[in-house]
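Please keep the view open while you read.

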Amino acid sequence: SDNWFSVISSSDTTAPVISNIQAGSIAVNSAIITWLTDENSDSKVNYGLNTSYGLTAIGTTAATGTLYLHTVNLSNLTNSATYNYKVSTTDDNSNKRESDNKTFTTLTPRTITVLSPNGGETWSLGSTYPITWNVSNNILFIDIELVNISGANYGYFRSHWSPEGGKVDIITLSGISPGSYKIRIQDTDNP
């Protein structure tokens, strides 16, 4: 045709739509932030102990049908602290969208305090003695081990054991040499 026509650019000017923002797998010093978008875009989280944030982490994006799953791992966090965060995502056409501020709180470390033996006791081989302890927070499984003064592990009394009531009666191990020992109780999920 001898008639003129125009061609215009159909550039995308719409920022990705963010949905389903979640802070999950929250631990003593880490968390994973996830969210969905309606188009492929990058994954960034600004976070910190206040709304000034101050820290940034970059993550991954994976297609999941018609949506895109964004995952950002946060590490080296302070325990028992409330973190502020916002997610940020930018598509290939530089259209950027940020979420409102969100918060999560890292877990408090679980602790175990051995009450007995508490030092100075004398145990005889083959005799039965109580080992008692206190725990803070929920500890699902523990290891109870015998350690000599040089730090060598002489074996587990109980391994990956579910503590019930913070007490167990133990028959001292045979085949060990007389000397100084201590009882070490560890949280198997957080040694």
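Which residue stands opposite Leu69 in β6? That place belongs to Leu36. Before going further, a word on the ground rules: this is a predicted model, in which local features need pLDDT of at least 70 and side-chain atom pairs count only at pLDDT 80 or more, while totals for chains, interfaces and linings use all residues. Residues are numbered from 1 along each chain as its sequence is written, and side-chain values use heavy atoms, with hydrogens and water left out.

**The chain as a whole**

The chain has 15 strands and zero helices; strands are DSSP runs of E with at least two residues, helices are runs of H or I with at least four, and both are numbered from the N terminus. Of its 191 residues, 30% count as buried, a label that means under 20% relative accessible area with a 1.4 Å probe, protein chains only. Contacts (heavy atoms within 4.5 Å) with a separation of 6 or more come to 60% from residues 24 or more positions apart.

**A four-stranded sheet**

Four strands form an open sheet in the order β1-β2-β6-β5, with antiparallel pairing. Because β1 (18-24) and β5 (60-64) each have a single partner strand, they stand at the edges, and one side of each is left without a neighbour in the sheet. On average, neighbouring strands here are turned by 20° against each other, direction ignored; the axes behind such angles are lines fitted to C-alpha atoms, and angles run from 0 to 180 degrees between N-to-C directions. Two strands count as paired if DSSP finds at least two bridges between them.

| Pair | Bridges | Sense |
|---|---|---|
| β1 and β2 | five bridges | antiparallel |
| β2 and β6 | seven bridges | antiparallel |
| β5 and β6 | five bridges | antiparallel |

Leu36 also stands opposite Ser19, with Leu36 being in β2. Thr37 has Tyr68 in β6 as its bridge partner, and Thr61 has His70 in β6. Five of the seven residues of β2 are buried, so this strand is largely enclosed by the rest of the structure.

Two hairpins belong to this picture. Six residues lie between β1 and β2, and Ser25 in that turn has a positive phi of about 50°. Between β5 and β6 there are two residues, and Gly65 in the turn has a positive phi of about 75°.

**A buried loop residue**

Ser99 sits in the loop between β8 (96-98) and β9 (102-105). Why does Ser99 count as buried? Because its relative accessibility is 12%. Leaving aside residues up to four places away in sequence, Ser99 touches Ile18, Ile21, Lys86 and Val87.

Conventions. Buried means under 20% relative accessible area, exposed over 50%, partly exposed in between (1.4 Å probe, protein chains only).
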